[in-house]
Amino acid sequence: MVLTYAVCNVPVMPLRSEPSHHAEQTSQLLFGERAEVLEIDNNEWARVRCYWDDYIGWCKASQLSFISRKEYGKHAKFLAASHSGKLIFDEAEMQLPLGAEIHLKSGKVTAGFFHGKFKGKRYSVKKLNIAEANLKQTAMLYMNAPYQWGGRSVSGIDCSGLSQMVYKLSGQKLQRDAWQQALEGETVDFLQNARCGDLAFFDNADGKITHVGMLLDEATIIHATEIAGRVVVDRIDPGGIISTTLKKRTHNLRLVKRFF
């Protein structure tokens with residue numbers, strides 16, 4: 001049962017597996033992203049279901065602004081289009097990450113009771129275009145972002161967070177985890193038939209999907225990897241990823257999927 005509705009009111013909000021700061025970060029909400037509030041415990045931890053991908057996790061209720069069901073149903077008209085966008089309040093400023101949702105009301109950005117003026121580059125959601133050139137350009141904006149389990153911003157991002165955000169900034173939804181994303185799209189039979197924007201999935205010794213990256217062409221891939229510690233571009237062949245820095249194979253290719 002949905003208790004109420006909310007919007008993230010901080011630049012990046014950790015989403016955790018349990019109601020504790022010590023619990024695993026499983027994902028993040030960015031400023032302006034919406035969620036259903038399923039419960040709030042006695043320590044003011046909220047269990048939420050994210051609008052964008054239905055992901056469920058725990059966050060601090062103080063980092064949410066509660067909104068009406070009608071407000072929850074309103075889509076953002078713009079997305080922050082750079083790493084340097086910010087909200088300007090009367091007394092301070094707030095940096096916004098790439099992909100933050102910009103809800104406008106009377107010319108100001110709102111997140112519940114937060115009202116500020118946005119300064120920076122922004123994308124019109126209606127004009128987002130899922131084309132190869134756009135996907136590549138967007139993915140490259142995350143180059144060298146540090147690897148962080150559960151991350152979805154340039155301050156820290158994981159493999160499936162990268163693919164999800166690149167597609168979000170091109171106007172298309174993807175699920176949160178790599179194994180979930182692998183269940184979507186159409187299979188590309190051979191790597192040589194792949195094109196920029198296709199997602200490549202990799203498995204472990206048990207056959208479980210554990211990694212995803214976005215192909216720039218049939219021979220190169222951009223991915224957030226714990227091995228390199230950041231978002232990098234590596235080589236790929238039918239066997240998998242070959243690290244350009246370590247000069248060795250690091251991931252075993254399972255399948256390639258197309259989403260547009």
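Predicted model: local features only at pLDDT ≥ 70, side-chain atom pairs only at ≥ 80, totals over all residues.
Residues are numbered from 1 along each chain as its sequence is written, and side-chain values use heavy atoms, with hydrogens and water left out.

Burial is stated by relative accessible area: buried is under 20%, exposed is over 50%, and partly exposed is in between (1.4 Å probe, protein chains only). Helix α3 covers residues 159-168, and ten of its ten residues are buried. Among them are Cys159, Leu162, Met165 and Tyr167, and also Lys168.

Helix α2, residues 132-140, has Leu135, Thr138 and Ala139 buried. These buried residues line one face of the helix, because they fall within an arc of 100° when seen down the axis of α2. The arc is that of the directions from the helix axis to the C-beta atoms. Ala133 and Gln137 are exposed on the other side of α2. The buried residues of α2 pack against α3, β20 (209-217) and β21 (220-225), where contact means heavy atoms within 4.5 Å.

Five of the six residues of β21 are buried, so β21 is largely enclosed by the rest of the structure. β20 and β21 run antiparallel and are joined by three bridges, with Asp217 opposite Thr220 in β21. The hairpin from β20 to β21 passes through two residues. Six bridges join β21 to strand β22 (residues 230-237), and these two strands are likewise antiparallel. His223 stands opposite Val232 in β22. The hairpin of β21 and β22 has four residues between the strands, and Gly229 in the turn has a positive phi of about 85°.

A separate item is an open sheet of three strands in the order β11-β8-β15, with antiparallel pairing. Its edge strands are β11 (101-102) and β15 (122-124), each of which pairs on one side only. Strand β8 (residues 78-80) is joined to β15 by three bridges, and Ala80 is opposite Arg122 in β15.

Salt bridges come next. A salt bridge is a side-chain nitrogen of Lys or Arg within 4 Å of a carboxyl oxygen of Asp or Glu. By this rule the model has eleven salt bridges. One of them joins Glu33 and Arg152, with the closest N and O atoms 2.8 Å apart. This pair links distant parts of the chain, 119 residues apart: Glu33 is in the loop between β3 (25-30) and β4, and Arg152 is in strand β16 (residues 152-153). Glu33 counts as buried at 3% relative accessibility, and Arg152 is buried with a relative accessible area of 1%. Glu33 and Arg152 are also linked with Glu101 and Lys168 in a network of salt bridges.

Arg249 and Asp237 form another salt bridge, at 2.9 Å from N to O. Arg249 is in strand β24 (residues 248-258) and Asp237 is in strand β22, twelve residues apart. Arg249 is partly exposed at 39% relative accessibility, and Asp237 is partly exposed with a relative accessible area of 23%. In the salt bridge between Glu93 and Lys86, the closest N and O atoms are 3.2 Å apart. Glu93 counts as partly exposed at 48% relative accessibility, whereas Lys86 counts as buried at 18%.

Two surface sites remain. Leu3, Ile40 and Phe66 make a nonpolar surface patch of about 260 Å². Patches are made of residues with over 30% relative accessible area and no salt bridge, joining like charges within 9 Å and nonpolar side chains (Val, Leu, Ile, Met, Phe, Trp, Tyr) within 5 Å. Accessible areas come from the Shrake-Rupley method with a 1.4 Å probe, and for residues only the protein chains shown count as cover. Ile40 lies in strand β4 (residues 34-40) and is partly exposed, with a relative accessible area of 32%.

His115 is in strand β14 (residues 114-119) and is partly exposed, with a relative accessible area of 42%. Not counting residues up to four places away in sequence, His115 touches Phe89, Val109 and Thr110. The C-alpha atoms of His115 and Leu104 are 9.1 Å apart, for two residues separated by eleven positions along the chain.

How values were computed:
Pairing = 2+ DSSP bridges.
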